[in-house]
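Student: I am new to this structure. Please show it to me, and then we can go through some of its parts.

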Amino acid sequence: MDGIQIQMENMDKDNKESYNISAENTKQPSSNPNPQTNEVNNSLASNVDETMDIPTTTPTTMPTDWSTLSQWIRCMCIVTFDLNLGQALEFIYPKEFMPSEQEVTNICYMAFPDSNSGCMGDTKFHMRLRMSPDTSRLKKSQQFRCYNSDCPPVLKVDQSHYWGFVYFRQKRDANLPRGYFQKSFIIITRLPFFNLFYEMLTQLAQKYFNDGEEVLVQACHQINNDWPQLQVGGTFNLPLFDQCYQILVPRASSRKAMPANDSSVDSIEKLEKMERPLTVKIIASVNEVELFHSLSFIVDHMYTLWELVLTAEPIVVVGTSPADCSHMVQTLVALIAPLEYCAEARPYFTIHDSEFKEFTRECGKVPPPLILGVTNPFFIKLLKDWPHMLRLVDNQLNMQRQQQLAFKNSRNTSSVTSLNGAGGLKSGNGNSSSLNGSNGEGSAPGLYTKYKPYLKKDKSLIKKVLLGLKTKRPEHVQTALLRRHLLELTQSFMIPLERYMASLMPLQKDISPFKSAPNANAFKLDDFLATLELSGPHLTSPLKGDWKGLYRRFYNSPNFRGWYESRHKELQLTLQDLQLQALSEANLEQWARDKQEVEIIDMILKLKQKLNLYNDKLTNESSSWIGSNGNTATNTRDQIRAQINCMKELLPNDLKNVVNI
């Protein structure tokens with residue numbers, strides 16, 4: 001491994017000298033899509049602005065800014081394979097959103113499959129990219145503050161990462177050197193709307209391969225002109241050429257009032273004015289993936305995977321296609337919904353990613369809490385010390401054969417298992433080094449782990465799913481069955497935590513209008529575990545086992561920390577609202593009778609400070625929060641203003657002028 005590292009560093013050093021992108025250098029693809037054999041480049045963006053061919057003609061409705069487009073997507077780009085340079089950025093639009101040099105490098109290397117998998121034809125997959133630490137981008141990220149405050153955790157905009165949706169095409173072409181055409185169409189966005197962007201990807205990529213780069217230009221302008229502002233809690237019509245996507249962006253809870261969705265009304269009016277006929281495609285969910293598509297061959301170990309993801313264990317997903325890997329990683333993250341997965345997850349990862357050393361070498365002997373989707377066999381040896389490896393079925397036909405045989409031969413297995421070539425479940429000996437063995441056992445699809453689950457599996461549910469395989473139950477029905485069961489399982493696990501967290505709220509009598517808002521009580525693991533006897537998950541879940549042991553493991557995971565920080569912040573905000581509400585209803589005129597002028601001035605300053613904070617809150621939130629007594633935040637704000645005016649009347653005019661109140 002040290003030799004490989006030295007070789008990679010030398011390759012990086014040699015290729016930092018020059019990397020010019022030109023029209024002549026972006027027309028010659030190669031038959032080998034493996035980036036390990038390509039010339040490595042770390043300066044992909046250095047000359048992009050000067051040499052990239054951006055069309056000078058734009059639609060007559062050219063926008064003065066990209067404010068709407070930037071809410072939905074960042075940019076669209078084309079990556080080609082150059083015989084001399086390797087993967088190269090050929091085109092990007094809008095040019096104003098040119099990624100940084102490091103981001104361009106990552107996009108180019110992950111735009112093609114990272115192995116000799118022979119992905120002929122068209123392949124769709126997605127990736128996750130770390131943003132460069134750019135101050136200007138951090139300022140612009142504030143545009144999603146309102147959206148993130150209202151949407152469910154799984155739909156939040158990540159403030160430090162992009163999503164990339166890739167349409168890779170490889171086909172034979174005798175007219176090109178080495179006889180292959182290779183190119184990728186990519187949508188870069190901040191939104192985890194997988195179903196929406198995969199639909200857009202299919203439509204736009206096919207148009208691009210037929211009509212060229214002008215498709216990207218027209219699509220970006222149409223999105224910026226015809227799409228509504230990004231909001232939560234409404235149905236949106238998103239026209240794109242001859243298609244119209246209808247989506248629903250759900251609200252996190254009913255805690256906030258539902259405002260009228262003016263954007264939806266505006267988008268309908270725009271659709272009615274359009275001359276071209278549109279085919280409406282309803283997308284039932286913008287982010288929910290087909291669970292059964294990835295879990296069908298490993299359904300017997302679904303509960304083990306649920307525990308591994310719940311506790312943020314390091315998992316490497318090994319497949320032959322980036323499409324299979326990215327779908328499986330997203331499926332794993334979805335296992336614990338609606339709980340937010342707070343560790344790192346990379347649906348598709350290559351050895352050329354800028355975080356390669358961080359994730360694989362700098363972590364020492366303890367792997368980080370991370371889910372990696374990889375296709376390069378090099379990772380099997382590199383990550384041999386990782387405790388959990390999930391190997392995928394090579395292709396769809398083989399997967400169907402495995403499913404049929406798994407139904408006939410399924411039986412109870414030990415904690416270390418794999419799915420052998422014949423399709424039956426086979427128990428392992430617990431030695432992870434067998435992954436690299438010469439007997440071929442390690443190449444069989446399945447889960448390789450020494451982990452001993454805390455809970456016993458629900459055999460009746462597994463039998464029901466396997467029976468669906470035999471009776472050829474539709475995949476979406478199988479997915480609905482699994483999603484509902486996993487949702488109930490996660491809710492059963494989280495309800496005791498939510499109930500205990502609510503008990504940490506101070507009593508109403510501790511909230512005084514003349515004192516600072518009290519803090520929520522601290523979370524104590526032992527106190528929480530003591531509540532499980534009377535109100536534990538065994539009351540709502542059919543699963544039996546060591547629930548306390550699972551809670552202890554969860555307590556030390558990033559998922560608990562992320563959940564706790566979010567809930568603790570909500571409690572503190574609620575306490576501040578209650579304290580401010582009490583202050584707005586207090587009789588300050590009576591309080592001020594025996595107070596000196598300096599104390600009254602101090603109270604006025606505190607009221608103005610709280611009023612400013614409340615105004616910021618109302619500005620950032622798209623809807624008013626309804627308090628416990630039924631008064632809205634707007635009413636509370638007006639009452640605070642009245643209290644300020646009341647206090648001002650108690651001061652002499654000269655003091656009002658001196659303190660500038």
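Tutor: Helix 7 and helix 8 are oblique to each other. This is a predicted model, in which local features need pLDDT of at least 70, side-chain atom pairs count only at pLDDT 80 or more, and totals for chains, interfaces and linings use all residues. Residues are numbered from 1 along each chain as its sequence is written, and side-chain values use heavy atoms, leaving out hydrogens and water.

Student: At what angle do the axes of helix 7 and helix 8 cross?

Tutor: Helices (H or I, at least four residues) and strands (E, at least two) are DSSP runs, numbered from the N terminus. Axes are lines fitted to C-alpha atoms, for helices over the stretch in contact, with angles from 0 to 180 degrees between N-to-C directions. Angles under 35 degrees count as roughly parallel, over 145 as roughly antiparallel, 65 to 115 as roughly perpendicular and the rest as oblique. The axes of helix 7 and helix 8 (residues 214–226) come within 9 Å, and they cross at roughly 140 degrees.

Student: Which residues of helix 8 make the contact?

Tutor: Contact means heavy atoms within 4.5 Å. Helix 7 contributes Met200, Leu204, Lys207, Tyr208 and Asp211, and helix 8 contributes Val215, Leu216, Ala219 and Ile223.

Student: In what order do the 3 strands form the open sheet?

Tutor: Two strands pair if DSSP finds at least two bridges between them. The pairing in this sheet is mixed, and the order is 6-7-8.

Student: How many bridges join strand 6 to strand 7?

Tutor: Strand 6 and strand 7 (residues 243–249) run antiparallel. Threonine 235 stands opposite leucine 248 in strand 7. The number of bridges is 7.
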